[in-house]
Amino acid sequence: MDGKALSPTLIAFVVTRLLETYFQDFVDTSFTARMEEELDRIARGEMKKEEYLSRYYLGDDGLRNKVEISESRIIPEEARQVKLPTLEPYEDEFQVLVGSYGAYVQARRKEEGKEDSEGGEGKEETQHNLVKANIPQTFCKDVNQLTPERIRKCLETKQGPYNGILIGRDDDNEPILLRVGPYGLYLQKGEGEAEGKTAKKVALPQDMDPQGISLETAKAYLNLPRVICDHPETGSAIQVGIGRYGTFLLYQGSYRSLPATDDIFTLDCSRAVEIINSAAVSPRSTRVIAELGEYERRRVAVVQGRFGPYIKCGLVNAKLPEHHKDSPEDCTLEEAIESIKLKSPQKGKSTPKKKDSPASKGKAEQSASPSRKSRSSYAIFSAEKRPQLKEKGLSFGEISKELASMWSELSQEDKAPYDEMARLEKLKYQEESEEERTSTSTKSKKGGSSSTRSSATKKAAISRLKSINKTTKKPLSAYLHFCSENRPLLAQQGLSFGEISKKLAENWRAVDEATKRKYEDMVRKEKMALGQDDST
């Protein structure tokens, strides 16, 4: 939507063409007229609605049969193509398609020193000689912005030795590249990750013309975020930067959107302070008063909340000491930790519980269930990455969208460590839940419940669980065997779990075929031990 005017999207063109090609009856104007007449007959009592619905869905010319017949005729590669009148003259040069992760453009790769004189006729197109590039969502939402020049620019960022457009080099002789991603154009300093360093990336404005990006402009964007000045009242730094959702000011851990009339490179201190002071703050919003440090690997800070200042440590919100009510910024880390310990439940101690009546106690024992459930691989991944996204000041909804996007971009090898953790956590949960049910049923029996009987029952339950796991167990993949063997060696280096998982994925991609066959043989042996066919 451009202002109040509606603009067609790429997916709208794809769906419309699919319906017009394979489901003509449903986009025919007479189809709606016939339906209205039959609905009027139902309203007058001349036809039963069950009869109409049965004929509409299950009849010989019903919806189900039409869909089944049309599905067999659909060619996925052709159905995913975007046919626009403005792009028809360029179909021999490139094709625009819609895939699982959005729209993209593909074209035949141009080899240096060779001209495409044959026009591609008689030459089989394979993944090797095709180049593909993402199309930014801005262009997908308004096809009027999808011009041949912009499409060629997207393709240009995927060709050449740098997998991007080389704008120039910085003072350290590192290449500055222009690339395109699902959310638009961005700049990258360096060719990629090397020696443990992450290449710096910065987003570009969605309306920026890639043709007009000079080396000086690129250097200025790569220097973001930059500190404008310190706030004259609080002394806290005010930073300006650009992200996925546009330009912003960062002050005391809170983000403020920068008005469109202000330029991030010419913004001065007085204007920045004016924007900060005039920004409307919700009564429910919070801001950081003082950063105190860390406690048990969690950030500790004094935060201004709706009802006054308090101490925040992860999910724990603790009370601020009384003598710091008027000067919360003077609270020390030691005082904050004492308040956190009083607020958070201590290990090994249980809070006093309300005494239940015999009736409610029996009912609770009958419905006893494990207090928690095993997490999925995606939930484990989210728990690891969510704190990093929180530090960027994103809202809960933005964090959820970003996590889903990050997860979808992971390869199967990158997801394998999380799948392994989920499998182990599920197995542990099954054992704990079986023990809990066994303990509950033993306690509910009257008289003669000796420790010997309880132990025997517990052993029998665990044995039964193991036998169930053995019959339903799936063998580990070759990659998981590789992880099990190499994870202890990496753990001795003092790496975190996330660093170990990344290192394992990198090492697995680097192993030769002979080493991989060793772990594949381990998979076959495990299948034989479980009595499974090697072909499964």
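**Note on selected local features**

1. Asn173 lies in the loop between strand 4 (165–169) and strand 5 (175–181); helices (H or I, at least four residues) and strands (E, at least two) are DSSP runs numbered from the N terminus. The model is predicted, so local features need pLDDT of at least 70 and side-chain atom pairs count only at pLDDT 80 or more, while totals for chains, interfaces and linings use all residues. Residues are numbered from 1 along each chain as its sequence is written, and side-chain values use heavy atoms, with hydrogens and water left out.

2. The backbone at Asn173 deserves attention: phi is near 65°, a positive value in a residue other than glycine. Asn173 is exposed because its relative accessibility is 51% (buried is under 20% relative accessible area, exposed over 50%, partly exposed in between; 1.4 Å probe, protein chains only).

3. Pro225 belongs to the loop between helix 9 (215–222) and strand 8 (226–230). Most residues other than glycine have a negative phi, and most peptide bonds are trans.

4. Gln188 sits in strand 6 (residues 184–189). With a relative accessibility of 1%, Gln188 counts as buried. The Gln188 side chain reaches the backbone oxygen of Gly190 at 2.9 Å, a polar contact (N or O atoms within 3.5 Å; within protein, one able to donate a hydrogen and the other to accept it, with residues adjacent in sequence counted only if both atoms are side-chain atoms). Neighbours within four places in sequence aside, Gln188 is in contact (heavy atoms within 4.5 Å) with Pro175, Ile176, Leu177, Arg179, Ala199, Lys200 and Lys201.

5. The structure contains 14 aromatic pairs (rings of Phe, Tyr and Trp, the last by its six-membered ring, with centres within 6.5 Å; planes under 30 degrees apart are stacked, over 60 edge-to-face, the rest tilted). One of them joins Tyr56 and Tyr57 edge-to-face, at 4.9 Å centre to centre and 80° between the planes. Tyr56 is partly exposed at 22% relative accessible area, as is Tyr57 at 42%.

6. Phe248 and Tyr255 also form an edge-to-face pair, with centres 5.1 Å apart and planes at 65°. Phe248 counts as buried because its relative accessibility is 17%, whereas Tyr255, at 31%, counts as partly exposed.

7. Elsewhere, ring pairs link Tyr378, Phe381, Trp407 and Tyr418 into a cluster.
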